[in-house]
Amino acid sequence: MITAFTLNRHFQRSLYVLMFTLLFAGTAFSQSATIVGRITDGTDKSPLPFSSISVKGTTIGVSTDIDGKYVLGGVPAGKQTIVFSYMGYTTAEKDVEIKSGSATTLDMTLSIEAIMSSGVVVTAQLRGQMQAINQQVNAKGIINVVSAEKLKELPDGNLADAMGRLPGIMVQRDGGEGEKIIIRGLDPKYSTVSVNGALAPSTDAKDRSVNMNLISPDIISSLEVMKANTADKDADGLGGTVNMVVKEADKNRKLNFGLQGGYSGQIKALGNAKGSLFYSERFFKSKLGLMLSASAEITDRSSEQFRAYYSVAGDPAVGQDYVQPHITSIRLESNLEKRNRYNVSANIDYNIGKSSFKMVNMFSRADKDIFSREKRYDTDGSFINYSQFDIQEEEWMVSNSIDARHILGSTELTWGASRSQSQQNTPYDHSLSFRHSSAFAVSPSDLSLLNPFDVPTTENLSEQLENYYLYDGTMLNYKSVETEISFWTNYQIPYSFGDNIGGFLKVGGKARWKEREHNSRRGYERFDSFSSAIADRESYTKASNGHVGIVDFIDKDFQTDNFLYGLSPNLEIANALDRSLLADWYTRNSGLYDDLPTIKVREDYWGNEDMYAAYVMGEMNFGKYVSFIPGVRFDYTQMTYTAYKGDGLPPNDDASAASLVYEEQTESSNNLHVLPQIHLRVKPFEGFDIRLAYTNTLSRPDFDYLAPRTQISPSNGTVKYSTPKIKSATSENFDIILSYYQPKFGFFTVSAFQKNISNFVYMRTALINKGTDTDPSVFNIPALTNGYKITYPVNNPAMSTLRGLEFEVQTNFKYLPNPLKGIVLSANLTLMDSKTEYQATLFKRIANPNYGQPGEPRAIFVNSDTAYVDRLLKQPNILANVSLGYDIKGFSARLSYSYMGNILTMPQYRIDGADMESTLAFDRWDLQLNQKIGKMVSVYVSVENIFNESDRAVRDVTGYYTSIEYYGFAAKLGVKINVFK
């Protein structure tokens, strides 16, 4: 029997043998040599990343990395002409004499091309555009890029907002701030994030997504969004991979710092402050580089929200198209939120002979201070609540990595190791609720079919402040920790057959070890009992029913004017609770809160994942115009997770858990994926590029699906079940991209893509029926659960498809006369469509075939599976971005516009589609102005969300709102001082 350990041992041995064989094979190239060097800008000596270097008259060529460095292997001995090119710059050539087996150093500086030299200054916007174009054109895979210069010029406070300017990418916001990204219509959990190629840990307690607003743009050199990877890249991520690139120190010493203040349109006050510092220098004849950066920021992300919750049941009556959903509750929220961020980066690189090393160390932390006041109209329970939520959240991520490159004759060996860790901690999440049990003047059931704006009118309410009494209190604590260690190695051998056929062979492997843990705690107490030992009970003003009233907890300074910017006169929070008074309440009464184990059984888990990968790929160049890159990646994963099996769970987390019995249970799984990755590039003529890619990617299931839980609730006849044996989702991807670059007019691309996705995971709710696929024995649960409803993760048996078109133009008008030559334009448009089957299980009543046997009823309910076809969740049909920049002398301006079509947020599981919800289309305008003062100082102003757009969603069949969020505009004023540049 082959155990996982044996398989891992065979894998490692095979990898060692393969590496040794290829190292030996490298000796066959003793008649060739290697050229190394760095390409820089002739004006300021800054590196030119992704420049092209080739041997004239041959197919041998490479591109520089983010630091402008290159390793050109397989160069034939003798006199050769080396060609250096960079779009927007004049091509240069250099004759060199090459000796067999040698490593020649050849640096080069390139100058701005002639069309740009006649009085045109290469501005930051223009430089950023050229960097992005060169990187996209020279990448092996299919990527989009936000360059370092463009990051500085965009009016975006974080990386998520910056990436939202790229084609095919949508921003998922929290409090108006970009938090996560959606690549090509796929949920953030289906994309991965890496730092210099090392995967970053998840920052979510339940899935694998990463909060991009955690990391400051100040410590990142550029952003790559890889949409079609080659075999030497991680296969994780159905949507794509975001790679945050950190470059090494430049040759010139740099020291700059910045200060920023800001105004929040939501709170109508100063709500933003930021300080940043950057230092970089090289030592010991430029062999050792040091780069340090740090930033600290406080941002106000307060908001006002409306939420309406609906329920729908039954079938449409004759003559009706659908059953109208009825309102279960309406919630008005006034949220005060401060976010503090801290980022530190320390990077070292060292070059010695034929070897170079780079160490990247990053630490990012975000603390949230949230105070939310809520008024809840509950039409199902016939009451109104005033509630407050006082929350402290802490989130941090640390990443340490080392990369090394060694030139071995004509071959190249690279290796690296990394350790990363993330933590999400909620040490304090306290809420109190005051209830009015007779606040409706009419029957709430008569209001449930109204437009939710028309429910809280004076005619429908009989609300008296003295009738509000203290109902309950809850204290929550959560903590999730993820640690990941990786090691990888790559070996590349160049080859050539004559002058017209050449390329390289590349092999490598990677090992990754991940540990996950999630812990939770819940304290709860009901205070509407005279037996509750409330501290100083008699000192509080009593409600009309004799319990502690709300009067002593009211915030007298709370202003309700223009709630939701006057959206409806019926929507307002007349009173709000005072934060300090409620915090004092908890201090004096925290001993009354009972710790309930229910949430532990429902949510806690811990486990590990071991991943081992190997790949082989090659590049075959046929002349100057055809390049073929085939490869295959092998991905083996073993997972072991532990969670709880509990019987006797109460129906909700607040109920007594006296009958709960639980124990730990551990399950393991393993799987192997073989993932071919094939790229073809054709250049019919100079400047025109055609790329075709066939790739395969995967996304591992959410942690909530993997945790082996069994939760049995006899009181309501339900079971919840999950297991690590659920399969990973996989995608077969097809891409074609047409690119055209003309120095005078710019860069134009048209892309088409299709993804065929298998094994999406969904939660199935079905009846437990003995003798069927939901027999109790399938889930290892007692036979007496027969007839219960079970909810468990299932891989979708149907394939989902996602296709789209992406159009992009990047150009400038430098060839026009003044003042028009300072215009820089970037625009993109994405059109998408998808199809997936949303599986649903209906319960049908049929005659019992066993009727007549003892204890068998006449009729029974059975499962009947069906499916409803619609687009994917969070997939917009249209995305568009336009950025118009203008530079003249020391002044720079950029006006940006973004548009996002509506997305599906709740799919159809009913025949009439009355359960479907979607957002409305959203657009926003942003502006940034920058003025240089002398050589050292620049002052900037930015305005985000100029026209105060809000996020809105509706229940589709009625068009009634389900949510509205206003977070206002944000204006920032800052100064940057370059002591050395």
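In what order do the four strands of the open sheet stand, and is their pairing parallel or antiparallel?

## Sheet

The four strands follow the order β3-β2-β5-β6, with antiparallel pairing. Strands here are DSSP runs (E, at least two residues) numbered from the N terminus, and two of them pair if DSSP finds at least two bridges between them. β3 (61-63) and β6 (92-98) are the edge strands, each with a single partner, so one side of each is left without a neighbour in the sheet. On average, neighbouring strands are turned by 20° against each other, direction ignored; the axes are lines fitted to C-alpha atoms.

Strand β2 (residues 52-55) is joined to β3 by three bridges, and the two run antiparallel. Ile53 has Val62 of β3 as its bridge partner.

## Basis of the model

This is a predicted model, in which local features need pLDDT of at least 70 and side-chain atom pairs count only at pLDDT 80 or more, while totals for chains, interfaces and linings use all residues. Residues are numbered from 1 along each chain as its sequence is written, and side-chain values use heavy atoms, with hydrogens and water left out.

## Cavities

The whole structure holds 15 cavities of 30 Å³ or more. A cavity is a set of points, on a 1 Å grid over the protein atoms alone, where a 1.4 Å probe fits but cannot get out; its volume is the space filled by probe spheres set on the points. The largest cavity has a volume of about 230 Å³.

Its lining (residues with an atom within 4 Å of a point) comprises 20 residues, of which Thr192, Leu199, Arg208, Asp236 and Lys514 lie nearest the centre. β12 gives the most to this lining, with three residues.

Terms used
Axes are lines fitted to C-alpha atoms, for helices over the stretch in contact, and angles run from 0 to 180 degrees between N-to-C directions. On a 1 Å grid over the protein atoms alone, a cavity is a set of points where a 1.4 Å probe fits but cannot get out, and a pocket is an open set with protein on both sides within 12 Å along at least five of seven lines; lining residues have an atom within 4 Å of a point.
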